[in-house]
Amino acid sequence: MSIKLGDTAPDFDAESSLGKINFYEYLGDSWGILFSHPADYTPVCTTELGKTSQLKPEFDKRNTKVLALSVDGLDNHKGWISDINETQNTEVEFPIIADQDKKVSELYDFIHPNASATLTVRSLLIIDPNKKVRLIITYPASTGRNFSEILRVLDSLQLVDGYGVATPVDWQDGEDVIIPPAVSQEDAEKKFTKGVKVIKPYLRYTPQPNK
């Protein structure tokens, strides 16, 4: 199946490096990141999972739980985690799904036959507490992900949900945000008490509400 933005993320049960998990139970009421990597014991993937582990405090601040996945087995995962911890100076605490039967990979369209008929691509989904898919990014096997961008999108999505704003190009946490055109000028001035800067009737800025 092909998953699109706004779809409900499918639930699943799977074996992982931390034991059997149910996806929805694991997420609870948290935000979630589910990402696939092509194979264990590969260089780019080692750096990616190491970085993910190092960012645990940042994900915790954003009430976000992380799961990784490949089509390798549990024994490979456990041995590889030891290598990740050693080479990336970290301790991997999030689960890595062992999707040898490709059930989850097919459910989430992580295998792109024209890239590889057997290995998963570098896909990543952000899933909100209502289990809706809010972001989908897919990278080629040769290119490691930019986790600073993933944190930036998480911040944006949580801000959008909490305050009814939008974020402009290259926005970073703490910078001005955009007032959606659907909000009238009168309502904007009442809602955004830090001020409204009008560039055009459809382009209005306000300081980030939660700063």
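D128 is buried, at a relative accessible area of 6%. Buried here means under 20% relative accessible area, exposed means over 50%, and partly exposed is in between, with a 1.4 Å probe and protein chains only. D128 has a salt-bridge partner, R134, and their closest N and O atoms are 3.0 Å apart. R134 counts as partly exposed, at 23% relative accessibility.

Before I go on, the ground rules. This is a predicted model, where local features need pLDDT of at least 70, side-chain atom pairs count only at pLDDT 80 or more, and totals for chains, interfaces and linings use all residues. Residues are numbered from 1 along each chain as its sequence is written, and side-chain values use heavy atoms, with hydrogens and water left out.

Back to the charges. Side chains of opposite charge can pair when their charged atoms come close. My criterion for a salt bridge is a side-chain nitrogen of Lys or Arg within 4 Å of a carboxyl oxygen of Asp or Glu. By that rule there are eleven salt bridges.

Take helix α3, residues 56-61. D60 is partly exposed at 45% relative accessibility. K56 is partly exposed too, with a relative accessible area of 35%.

Next, E58. It bridges to R62, the closest N and O atoms being 2.8 Å apart. E58 is partly exposed at 26%, whereas R62 is buried at 12%. A salt-bridge network links E58, K61, R62 and D155.

What is in the largest nonpolar core? It has 26 residues, and those with the most contacts inside it are I33, F35, L49, F59, F94, L124 and I126. By nonpolar core I mean buried Ala, Val, Leu, Ile, Met, Phe, Trp, Tyr and Cys residues, joined through side-chain atoms within 4.5 Å. Elements giving two or more residues are β3 (31-36), α2 (43-54), β4 (64-70), α4 (74-88), β6 (122-127), β7 (133-139) and α6 (147-163). Which gives the most? That is α6, with six residues.

Look at F94. It touches S17, L18, Y26, F35, L49, T52, S53, V66 and A68, leaving aside residues up to four places away in sequence. Contact means heavy atoms within 4.5 Å. There is also a second, separate core of 17 residues, which includes A14, I21, I97 and Y108.

S156 is buried, at 12% relative accessible area. S156 touches T167 and W171, again not counting residues up to four places away in sequence.

Last, a sheet. Three strands form an open sheet in the order β8-β10-β9, with antiparallel pairing. Strands pair if DSSP finds at least two bridges between them. The edges are β8 (177-179) and β9 (197-200), each pairing on one side only. Neighbouring strands are turned by 35° against each other on average, direction ignored. Those axes are lines fitted to C-alpha atoms, for helices over the stretch in contact, and angles run from 0 to 180 degrees between N-to-C directions. Three bridges join β9 to β10, residues 203-206. Which residue of β10 stands opposite V198? R204.

Definitions and conventions: Helix = DSSP H or I, 4+ residues; strand = E, 2+ residues; numbered from the N terminus.
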